[in-house]
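Take a walk through this structure, one element at a time. Keep the sequence beside the model as you read.

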Amino acid sequence: MEADRRTIVLGLEGTAWNLSCALVDEEDVIAEKSATYVPAKGGIHPREAAQHHAEHMASVVKAVLDVAREDDLKIEGVAFSQGPGLGPCLRTVATAARALSLRFGVPLVGVNHCIAHIEVGKWKTGATDPVVLYVSGGNSQVLALRRGRYRIFGETLDISVGNALDKFARQVGLPHPGGPKLEGLAKSAKEYIPLPYVVKGMDFSFSGLSTAAAQAAKKHDLADVCSSFQETAFAMLVEVSERALAHAEKKEVLLVGGVGANSRLREMLNIMCEERGAKFYVPEKKFMGDNGSMIAYTGLIMMKSGVTTPLAESRVRPGYRTDEVEVTWQ
């Protein structure tokens, strides 16, 4: 594929809550349309989320294809989130992606969802070789590119920080999504409540923290507990990120994933980077949560490096590890 020619790729994301379709080229996002599953109560129900994606797939894809037709754009590849994620949701998206690939007669590209967060973050911030803190509802990892793969320097031993925040929010009666509600309440806190700080080597644990915070909320002001929860969880993440920065001998830190929208986490990481003489990068909030643009862009750079996914190898991978992917496009 010619390096100087504009390449346009359609991307489909649908690993969990958000179904999103986007069209991108090397320079920018051309179009994006999303539909988000919101449960009536509690957390995500995989089959219900998959049904939501199936019901909205046609309208979401049509909105993006209408832009392509109006602007007379030629789609040269179809990328989809192959994993990690919820099996029923992944299968719904993969089926649609295969159909679109066959319809247009263009290559199919299976994208690792976690790597897509990293690549869209680098694309939109200008970071080149960062330590990455990836924090979302499903994942919490500290990574860096070494010897052709994104190596995991540290990760959660149980649940993700986003899951922990949402779990605590549900237990204290806050509506979904819990993270922004906690952040709002934390701003009026007056006292720090000691909570479990669990870092084991380079890994962290959030399950006990969430349980302890829910117990503390029965005895203390909710704003104080929300603030203390954030301070404790984020300090754990910043500690491991700082150690990875030193070990990998990098000079940049990139924050990606939905929890990265939290202003206090950004502030704490920025302070750490300033103290270590490193640059801190964070993309616009619209690129932090799950979105079709990150899948489309990562599919584009993979395709341009010669990586595509034959139909026979396009099965979904709910447990797809970030460090399984050979990074050929760097």
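Start with β1 and β2, which run antiparallel and are joined by five bridges. Strands here are DSSP runs of E of at least two residues, helices are runs of H or I of at least four residues, and both are numbered from the N terminus. Two strands pair if DSSP finds at least two bridges between them. Four residues lie between β1 and β2, and the two strands form a hairpin.

This is a predicted model, in which local features need pLDDT of at least 70 and side-chain atom pairs count only at pLDDT 80 or more, while totals for chains, interfaces and linings use all residues. Residues are numbered from 1 along each chain as its sequence is written, and side-chain values use heavy atoms, with hydrogens and water left out.

Move on along the chain. Another hairpin joins β2 to β3, again through four residues. The pairing of β2 and β3 is antiparallel, over seven bridges. Asn 18 has Thr 36 of β3 as its bridge partner.

How many residues of β2 are buried? Seven of its seven residues are, so the strand is mostly covered. Buried means under 20% relative accessible area, exposed over 50%, and partly exposed in between, with a 1.4 Å probe and protein chains only. In a regular strand the side chains alternate between the two faces of the sheet. In β2, Asn 18, Ser 20, Ala 22 and Val 24 point one way. Leu 19, Cys 21 and Leu 23 point the other way, and all of these residues are buried.

Now take the whole sheet. It is open, has five strands in the order β3-β2-β1-β4-β5, and its pairing is mixed. The edge strands are β3 (29-36) and β5 (108-112), each pairing on one side only. Direction ignored, neighbouring strands are turned by 20° against each other on average. Strand β4 (residues 77-83) pairs with β5 in the parallel sense, over five bridges. There, Gly 83 has Asn 112 of β5 as its bridge partner.

Which strands does helix α2 touch? Helix α2 (residues 87-104) packs on the sheet and touches β1 (9-13), β2 (18-24), β4 and β5. Contact means heavy atoms within 4.5 Å. The direction of α2 makes about 160° with that of β4. Axes are lines fitted to C-alpha atoms, for helices over the stretch in contact, and angles run from 0 to 180 degrees between N-to-C directions. Helix α9 (residues 292-304) lies across β1, β2, β3, β4 and β5, and runs at about 130° to β1.

Asn 112 leads on to helix α3. At the start of α3, a side-chain oxygen of Asn 112 reaches to within 2.9 Å of the backbone nitrogen of Cys 114. The 13 residues of α3 (residues 113-125) should span 18 Å at 1.5 Å a residue, and its end C-alpha atoms are 19 Å apart, which agrees. The expected span is 1.5 Å times one less than the number of residues. Eleven of the 13 residues are buried, so α3 is largely enclosed by the rest of the structure. Among the buried residues are His 113, Ile 118 and Trp 123. After α3 comes Gly 126, with a positive phi near 90°.

Further along, strand β7 (residues 140-146) is joined to β8 by six bridges, and the two run antiparallel. Gln 141 has Glu 155 of β8 as its bridge partner. The hairpin of β7 and β8 has two residues between the strands, and Arg 147 in the turn has a positive phi of about 55°. Strand β8 (residues 149-155) is mostly covered, with five of its seven residues buried.

Ser 227 lies in helix α7 (residues 222-248). Ser 227 is buried, with a relative accessible area of 16%. Ser 227 touches Ala 186 and Ala 189, not counting residues up to four places away in sequence.

Last, step back to the whole protein. The protein has nine helices and twelve strands. Its radius of gyration is 20 Å, close to the 20 Å that the globule rule gives for 330 residues, so the protein is as compact as a globular protein of that length. The radius is taken over C-alpha atoms, and the rule is 2.2 Å times the number of residues to the power 0.38. Of the 330 residues, 54% count as buried.

Methods. Polar contact = N/O pair within 3.5 Å; in protein donor to acceptor, adjacent residues only side chain to side chain.
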